[in-house]
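Open the model in your viewer and keep the sequence panel beside it. The stops below say what to select and what is there.

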Amino acid sequence: MRYSEYFIPTLKEVPTEAVVPSHQLMLRAGLVRQVSAGVFSWLPLGFRVLNKVINILREEMNAIGGQEFLLPALNPIEIWEQTGRVEAMGDVIFHIKNREGLVLAPTHEEIIAFHAKQHIQSYKDLPQIWYQIQTKFRNEPRPKSGVLRCRQFIMKDSYSLDTTWEGLDESYNKHLEAYKKIFTRCKLNFFIVGASSGAMGGSKSQEFMIESDAGEDVCAIAPSGYAANLEVATSSLPPVGRKNHCPPIEEFPTPNAKTIDDLIEQFGFDENSLAKSVIYIIDSEPVLILMRGNDELNETKLQAAFGTNKFRPATPEELLEITGANAGSIGPVNLKSNIKVVADSLLKDANSLVSGANKDGYHLKNIDFLRDCKIDAYYDLRTVREGEPCPISGTPIKIVKAIELGHIFKLGTKYSEALGATFLDKDGIQKPIIMGSYGIGVERIIACFIEQNHDENGIIWDYPLSPFDIHLISINVKSELVKEYSEKIYTSLTQANYEVLYDDRDETAGVKFNDADLIGIPIQIIVGEKNLKNGLVEIKFRKNNQRELVAEKELLNWLKEKIPTKS
RNA sequence: CGGGGCGUAGCGCAGGUGGCUAGCGCGUCUGUUUUGGGAGCAGAAGGUCGCAGGUUCAAGUCCUGCCGCCCCGACCA
């Protein structure tokens, strides 16, 4: 490809709207342009990279027996109503205004189940793995960080259809392995975490992450190999437990203590002897939740424990009405109204605890959960913190920000049941198909690669994602010698099946070098008069800036050794 | 949806207590000299100052409303 004829609008300056490095570089190197918030166009250079990613996805999905579909982005809303997701996803779904009954699909479990219902009838028709690489539409309230969170984006989404739970395990593991291969081939430094299934439903789920400050997820990782999304992460902290002697419960004044920290400071309590109370309204019912000391309630865990996402913290007025006190003096004993009380597992059957007295300005000490109050249930509700011992072998947990590249779910029968996608088993019994769902954000692969591979001059591509194999730079096109050799090299490289970006522009050397570093193709071949007089061309490796002089005649042989076979 | 910032030439920005023909850098075009790390000189083109309304003799500048974009938060398969 001749640069002079190719559309690569590089930018010298960093666009102000771009904050994260990958976004800045994707704009500067001319890979993408923004059209509106969360909506991007892929320019020719970027589209080449996108297609390389898509090829890898396709190869690895085909390798596990996946069959490629292209499902519609326009979906009848009825299908989405049948699974209850019009309500569950709410504003995320785009609704078509001038044609009643159509929505833009944010994902495709429903359509897959719809086709399964149409044509899967017998256990003999299963298992199946169906996938597509297609545009998704989600009405994100706040798109951000370039292509990392968009209203329109490309997803590789696949779905497994099985007759048994063991079959689902097998399909799930096939995807797990395929995803590892995909991200490894894309040269991404990734890790896998246990994750929450959230509104998708289903049992097990795992996410593929890369560590990045630009990420929106937070993960707990440990040297033992433990890795979990903070939403579900646990640690092996010992429970508070019971003391041998617990005197009778005792009220004491705490006029200036509103927080756990105040209590520790003013009265010298051990943080572990304090029980913090918060009130949530869960499915319209108030629930008192007890947490150890300053432990933070994890709302994802709360959602899992109660099986609903309809909850919110109580308002100050509600607090007073429910407990008889204001925030800071609330506790499980002497509640004004008879409400459900749950506690974090660390507080299981504990005693010698301090908590609010449900009377402003007073707390109670020597509380015994077995003696003085009724705890309806214990759940793991706390958010893990940096340095806590990991559940595998007690190594200290590190908390990192991460970008989610992919997510795999064991869905189960939620969608097949809702849409009536069933099959007849060997005994002639009708059963719902057992589904799995597996997604990869295609653009995120590119953004994540750039997050991990750039320097102050630009992107540092590697094979196989690099938009071209070789960047051929002709210095001073007005020199007949340079021009003649550049053209000759360009022709021979192209004939040898290399993808070459040939900078034949009438620009100064500096402009060409800077653009080459910005675009970041791994190998630059620099053709200049000085070296050519000795029959040499210069090779520059973008990655480490190392240079080598190679005889022009030896170039093809040299490249054979240096450029890995393209996959 | 709450909080903050921004909107002036293709890009980056200045002008903002109202006042003459709206500037600067980069880029673009023409000519010329250059040619191994974003060239020099000379000339030129390019703007509904986000949109609408208002105040005024006079609005990029002041007022009101709206729209758009970015950031923080909420939300997010």
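Domain bounds here come from an automatic or database domain assignment. This is a predicted model, so to speak of local features pLDDT must be at least 70, side-chain atom pairs count only at pLDDT 80 or more, and totals for chains, interfaces and linings use all residues. Residues are numbered from 1 along each chain as its sequence is written, chains are lettered from A and ligands numbered from 1 in the order in which they are written, and side-chain values use heavy atoms, with hydrogens and water left out.

**Stop 1: the domains**

Colour chain A by domain. Domain 1 takes 3–217 + 403–450, domain 2 takes 250–379, and domain 3 takes 468–562. Now look at domain 1 and domain 3. Their centres, taken over C-alpha atoms, are 39 Å apart. Twelve residues of domain 1 and eleven residues of domain 3 make the contact (heavy atoms within 4.5 Å).

**Stop 2: the interface of domain 1 and domain 3**

How much area do domain 1 and domain 3 bury between them? The figure is about 1,000 Å², with 64% of it on carbon and sulfur atoms. Buried area is the accessible area (1.4 Å probe) that two parts lose on being put together, summed over both.

Select Tyr3, Ser4 and Arg48. These three supply 52% of the area that domain 1 buries against domain 3, more than any other three residues.

The rule asks for a side-chain nitrogen of Lys or Arg within 4 Å of a carboxyl oxygen of Asp or Glu. It finds two salt bridges across this interface.

Next, show α1 (21–28) and α2 (44–63). Each supplies at least two residues of the side of domain 1 that touches domain 3. The largest share, three residues, comes from α2. Helices (H or I, at least four residues) and strands (E, at least two) are DSSP runs, numbered from the N terminus.

**Stop 3: an open sheet**

Select β4, β5 and β6. Strands of a sheet pair through backbone hydrogen bonds, either parallel or antiparallel. This open sheet of three strands has the order β4-β6-β5, with antiparallel pairing. Two strands count as paired if DSSP finds at least two bridges between them. The edge strands are β4 (74–76) and β5 (94–95), and each pairs on one side only. β4 and β6 (residues 102–104) are joined by three bridges. Zoom in on Asn75: Val103 in β6 stands opposite.

**Stop 4: around β19**

Move to β19 (residues 362–367). Antiparallel to it runs β13 (residues 250–253), joined by four bridges. β18 (residues 353–356) also pairs with β19 in the antiparallel sense, over three bridges.

Which residue of β19 is the bridge partner of Phe252? Click on His363. His363 is also the bridge partner of Gly356.

Follow the chain from β18 to β19. The two form a hairpin with five residues between them. In the turn, Asn358 has a positive phi of about 60 degrees.

**Stop 5: backbone exceptions**

Most residues other than glycine have a negative phi, and most peptide bonds are trans.

- Ser284 has a positive phi, near 75 degrees. It lies in the loop between β14 (275–282) and β15 (285–292).
- Leu126 to Pro127 is a cis peptide bond, with omega near 0 degrees. Pro127 is in the loop between α5 (109–119) and β7 (128–137).
- Tyr463 to Pro464 is also cis, with omega near 10 degrees. Find Pro464 in the loop between β26 (458–459) and β27 (470–474).
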